[in-house]
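Student: Please show me the model, and then we can go through it by question and answer.

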Amino acid sequence: MSKRFYVTTAIDYVNGEPHLGHGYEKVIADVIARARRSLGEDVFFLTGSDEHGQKVQQAAIAKGKTPQAFCDELALVWKPFTEKLNLTINDFVRTTEPRHTTAVQAIFQRLWDTGHCYKATYEGFYSAKEETFLTDKDRLPDGTFDPTYGEVLPLVEENYYFRLKEQQEWLIGHITANPEFIYPPQRRNEVLGFLKNNALADLCVTRPSARLNWGIPLPFDPAYVAYVWFDALLNYITVPAAHGDAAVVSAIHGAPSAEALELWPADVQVIGKDIVKFHAVYWPIMLKALGLPLPKQLVVHGWWQKDGQRMSKSTGNVVDPLAVINEWGLDAFRYYVVWELDIGADGNWTDSGFQARYHAELANGLGNLVNRSLSMLRRYRDGRAPARADDLAGAATEAARSAIALIGENRLQAALQAIWALIDRANQYVEQTAPFKLAKDPAQASRLDEVLYNLVETCRVLAVLLWPFLPGTAARIFAQLGLTTLPDRFAAAAWGGLTQGHVIGAPEPLFPRRDAPAK
Ligand code: ME8
């Protein structure tokens, strides 16, 4: 069996409901996963929920529930969220599942047995809010700690530590030698800058159960639970282990199963900018300690704001992706988040910007092109495709070439722009060739045939290119074209796929125009 292309997202804390940032991250990972499948690759796409730790425990207590009952209830929100987004995931991991917890325990045992962990006493300060140990070096010039840490209290405590220090030079070497490891380059430079200017301290990877018991107990010392980040990062390999991935299984324990999937190393791990240190510093060192290869690429996206401000429950300006999807449709949401925010940059959601794009680019741009192309073919040619003609072949071929290349470079926004250039070109072609005038002149019948073929064939190519981004819309375009397959292979973008005499179906508006919702 050959290795699958393995894509992951961060696993989300289930201390609240999914918001725009979560939706965004999952959509870009899904675009990458679908595009790889369109290229003919076998893909495994994983997401899930991060259920241990202080944040979740506190949220459960605030609701008067046990953490497990609280997580079980939220799983009923988070798992269906992936369906609402039409994600092509192959698995959804919850870190409270036994397949994960037992593997995390086996990994801890292994790291302990091989001397990668040791026990020591910590003396310093602790932020319960961020679950972070702090020292005097972390104080601001005025002597206080950054307000994001919340209340910071002095702490003396025994814990287990994972050795990071001695891997610092190796990690700098790896990142330097593999420029594609962290995308985009700006984030890579930040990580390198951090590693070159700061001495890594070993990482405290446990919490005493007496202080925090909502975690995975250490197999060799049940008075401690695993630090939530150590537990969470491991999901990327505990799931492959559960699917019998031979390399991971033998690094952890036991023998691989017969129908093993080959997944690790991940090809793309999509994460947000706030968790780069965990993924680009701790995670590689953990993998090295286990003798496993590093992921091929970390794709680091920026953060969304709403109306120029950080989204926060307290200010009530959180964008609820489900509300947007219910009102405007999933593909409008997927379209806006990918178009508005290049991977890496920060972005700003405004309702007016969303609605403007919906009307200008989806309703007037794509929707109008498909609707009028199909309507004219039905009106003037009984819905039958004429013989192949190639006026737009060059533009379509160029759009396909450039969109596919850009997706491969994680430049999803630019890929959408390349696709929209073809939509604009085709809409301009309608204006230039004026098929409604040609239809009035019998002498222009063969020219009208050519124009109509160019238009419907462009719609077909567009559906193929749009599939990773707007899968529902792409499938509807194919159905309206009377095609019975899905547009899920890029090979089908080759010009000339529509055969003469093929009968299309009935056009229906893809993005109905609508008034702004009442405020
Ligand atoms: O960090 N804009 O979970 P999380 C864009 N459990 N992305 C955002 C965002 C925003 N406003 N807010 C959050 C965690 N995200 C850990 C991950 S992985 C082993 C453990 C992104 O629910 C954030 O950057 O706080 C992260 O990638 C993801 O949502 C989950 O965030």
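Student: What is the strand order of the open sheet of three strands?
Tutor: This is a predicted model, in which local features need pLDDT of at least 70, side-chain atom pairs count only at pLDDT 80 or more, and totals for chains, interfaces and linings use all residues. Residues are numbered from 1 along each chain as its sequence is written, and side-chain values use heavy atoms, leaving out hydrogens and water. Strands are DSSP runs of E with at least two residues, helices runs of H or I with at least four, numbered from the N terminus; two strands pair if DSSP finds at least two bridges between them. The edge strands, β10 (206-208) and β11 (217-218), each pair on one side only, and with antiparallel pairing the order is β10-β12-β11.

Student: Which residue in β12 stands opposite R207?
Tutor: Strand β12 covers residues 221-226. β10 pairs with β12 in the antiparallel sense over three bridges. Opposite R207 stands V225.

Student: How far from D231 is the nearest side chain of opposite charge?
Tutor: D231 lies in helix α7 (residues 228-233) and is buried (under 20% relative accessible area; exposed is over 50%, partly exposed in between, with a 1.4 Å probe and protein chains only). Lys and Arg count as positive, Asp and Glu as negative, while His and the chain ends are not counted. A salt bridge needs a side-chain nitrogen of Lys or Arg within 4 Å of a carboxyl oxygen of Asp or Glu. D231 has none, and the distance to R207 is 11 Å.

Student: How many disulfides are there?
Tutor: A disulfide is a pair of cysteine sulfur atoms within 2.5 Å. The count is zero.
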